Amino acid sequence: MTYPPGNPYGGGNPYGGQPQPGYGQPPGNPYGQPQPGYGQPPPGYGQPPPGYGQPPPGYGQQPPYGGPPPQGAPSGVPATLNPQSLPDDDNVNPYVFCIALNGEWFMSKGAMLAYYGNIQFDAVTEYSSVQAWVANRFSSPVYIQDWVVAQGHGKLLIGDRGFDLNAYDLDDGNLTIKASNLCAFSKQLELKQSIVPGFVTLIGTGKFIASSNGPVIFVEPPFRADPDALLGWADCPSPSVHHDAQWMTQNIRGMISGALGRASGEERQYDFTGQGTILLQSSEIAREDPAVLRLVESQTQLLTNAQAGSLGQRLVARAQQQH
Amino acid sequence: MAQLTAHKRVLHADLHGDRIRAASGSMVAVEGNVDFKSSGMGGGGGMRAALKRAVAGESISLMDCSGSGRVYLALDAMDVLVVDLAGDTLTVESEHILAHTEQLRLDVQFSGLRGVTSGQGLATTTVSGHGQVALVSEGPVMALEVAPGAELVVDPDAYVGSRGQLSMNLVSGVSWKSLVGEGSGEPFSLRFTGHGLVLVQSAER
């Protein structure tokens, strides 16, 4: 599999694992236009104010204010984008990705920011009754209602909560990713539900777009990751759960008596072994994933009626405790 | 002439004995001698606009900053964009206005059904005149051009504002049938036709 072109974040890979620049697509500025005014020195306070900035070419009327060109940030509307100037399958800025749609893409519901052209959005459940291949590609009943099929021609802009977006090319590979961070994937890829709750696996050859809160960090096993910071993993076996030894000894009595052990949250890690790559995001902010509830609910079918009843009692007790 | 300059997520407002209006509570630091005072009914445009605003549910709470010095303004660490207006009109969602210079006029424009669906009030704010207005957005703002043959459809939550001769109407993105029993998604989007620019932020909610 290949990773995003270039390293848009400046620093090298702190773990020395995966070479990033030049991997896959040609490097270069993946975000098109540089941010106006970023990194420029602010005009000193007390100096005569610079005149209003020149408007971007081809836009609006010339403001009637004269004066020297500004030394600070250029003001006015950022460079205008239109269907021709929007990039094909590339980032517009670190938080927005533009898909040159020609056919079908799977898209997370709510990821659409804007689009040009003639594009239709249909729920995957709806679309699979029309097109049989959809059911083959999207085999996850838990997540299917959170996804739509975008079909048509045009430029489609997607974003996710203002997180960083990156496109990844999968070349006859398999990659597992946190479901709430997957924004879109091409129809050549196949999506399956991972054994690890809250994660989905993409298999095949194609492109997908995923968000991360902060830059993505690539690590090689053996490695232990915080479940919240874990974005996904590629080519390596599914992780096992590692519990802190000290936490284990402290809580072993509690577990025997049947209480669900809850502590700081740092005592539990995902343990990776074997060959592959692990993707981490540099933040632990997790979003409530509605699918997790459906996922756990579906698993309760494994319980006998008596077991389900006692689980229900425990859950009621927990909900009452939190009030 | 007061001068607004965007520096990443902070707006620098340089005052020279004049006045700007800024979102209440957005001041983070101040240099020099600047007075702050609530604008009363808020938003400018006089009593009539304030009344319209109250009816329309377009909420905006502004304060007057006057004096000499530099005021640092910021809101929820959102990106700041300064737009120059030279006699033209900018339509903007009121929650995105951080500050504007004194000469600009704020008014309320009813936008029909759109406000109902986006949950952002029944009306949008128009800013017109000569001067500068500073907008906040989640992530940098993209200016997307609308022209005949290049119509644009925007998620209501990503919409910040627009400029030019545009008409806006609602389109249903995902079909009704597919939405039954499902809370999230994009039941409605805004379709823009005509000539102009639409400002879109990079977070959808």
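This is a predicted model: local features need pLDDT of at least 70, side-chain atom pairs count only at pLDDT 80 or more; totals for chains, interfaces and linings use all residues.
Visitor: Which residue of E9(B) is the bridge partner of Thr80(A)?

Guide: Residues are numbered from 1 along each chain as its sequence is written, while chains are lettered from A and ligands numbered from 1 in the order in which they are written. Strand E1 (residues 80-81) of chain A runs parallel to E9(B), joined by two bridges; strands are DSSP runs of at least two residues (E), numbered from the N terminus, and two strands pair if DSSP finds at least two bridges between them. Within E9(B), the partner of Thr80(A) is Ala143(B).

Visitor: Which residue of E12(B) is the bridge partner of Val146(B)?

Guide: Strand E12 (residues 188-200) of chain B pairs with E9(B) in the antiparallel sense, over five bridges. In E12(B), Val146(B) has as its bridge partner Gly196(B).

Visitor: How many residues of strand E9 (residues 142-146) of chain B are buried?

Guide: A residue is buried if 20 or more other C-beta atoms, placed from the backbone, lie within 10 Å of its own, exposed if 12 or fewer, and partly exposed in between. On one side of E9(B), Met142(B), Leu144(B) and Val146(B) are buried, as are Ala143(B) and Glu145(B) on the other. The number buried is five of five.

How values were computed. Helices (H or I, at least four residues) and strands (E, at least two) are DSSP runs, numbered from the N terminus.
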